[in-house]
Amino acid sequence: MGKKQSAGSSEKKPAEKKGGNTKNTKNADKGDQSEGKGGLKAATAVNVRHILCEKHSKATEALQKIQEGQRFDKVAQEYSEDKAKAGGSLGWMVRGSMVGAFQDAAFALTPSTVDKPILSPLVKTNFGYHVIMVEGRR
């Protein structure tokens, strides 16, 4: 059968060539679409942690501590001014349950760990200034 397929790719039988390539093209397209453009797969929920500070200066100080190597959860306990003081964990949050700027930043982040976090820049919302990290996506 291998010879028939190679013969089908010759100029004598263009109809067979088109038929074979159409199936392969469809499968290739599906693979390309599922990977996503930015490398992150589409998610409907993120396991998110944050540090919330009313003042920009305090949030900047917290961000610096993490960048110097301190664990995210320890800095959150010390600096965060909201109910998520237990390491800053908000748990699994679905798209649509967060305020706009916070949600945009959270869904743009790559998952990381509290000891080596990948952080958002400071995000301003009506609640204050947030430092955000994501532990998981689904």
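Asp73 is buried, with a relative accessible area of 13%. Buried means under 20% relative accessible area, exposed means over 50%, and partly exposed lies in between, for a 1.4 Å probe and protein chains only. The model is predicted: local features need pLDDT of at least 70, side-chain atom pairs count only at pLDDT 80 or more, and totals for chains, interfaces and linings use all residues. Residues are numbered from 1 along each chain as its sequence is written, and side-chain values use heavy atoms, with hydrogens and water left out.

Asp73 sits in helix H4, residues 72-79. Helices (H or I, at least four residues) and strands (E, at least two) are DSSP runs, numbered from the N terminus. The side chain of Asp73 is joined to that of Arg71 by a polar contact of 3.0 Å. A polar contact is a pair of N or O atoms within 3.5 Å; within protein, one must be able to donate a hydrogen and the other to accept it, and residues adjacent in sequence count only if both atoms are side-chain atoms. Beyond its neighbours within four places in sequence, Asp73 is in contact (heavy atoms within 4.5 Å) with Arg49, Gly87 and Val114.

Asp73 is one of the buried residues of H4; the others are Phe72, Val75, Ala76 and Tyr79. Seen down the axis of H4, these residues fall within an arc of 160°, so they line one face of the helix. The arc is that of the directions from the helix axis to the C-beta atoms. The cover over the buried residues of H4 includes S1, H3 and S4.

The largest nonpolar core has 14 residues. Such a core is a set of buried Ala, Val, Leu, Ile, Met, Phe, Trp, Tyr and Cys residues joined through side-chain atoms within 4.5 Å. Ile51, Ile66, Phe72, Val75, Tyr79 and Val131 have the most contacts inside it. Two or more residues of this core come from each of S1, helix H3 (56-67), H4 and S4. A second, separate core of 13 residues includes Met93, Phe102, Ala105 and Val123. In soluble globular proteins, nonpolar side chains tend to be buried together.

Helix H5 spans residues 100-108, and its buried residues are Phe102, Gln103, Ala105, Ala106 and Phe107. They pack against strands S1 (45-53), S2 (89-94), S3 (123-125) and S4 (128-137). Pro121 lies in the loop between H5 and S3. Pro121 is exposed, with a relative accessible area of 61%. Pro121 and Ala105 are 16 residues apart in sequence, and their C-alpha atoms are 8.4 Å apart.

The chain has five helices and four strands. Along the sequence they follow the pattern α-α-β-α-α-β-α-β-β. Of the 138 residues, 35% count as buried. Among contacts between residues at least 6 apart in sequence, 65% join residues at least 24 apart.

Mean pLDDT, the predictor's confidence in each residue from 0 to 100, is 80 for the chain, and 70% of residues reach 70 or more. Confidence is highest in S3, at 98, and lowest in helix H2 (residues 14-35), at a mean of 39. Over residues 2-37, pLDDT stays under 50, and the model has seven contacts beyond four places in sequence for this stretch.
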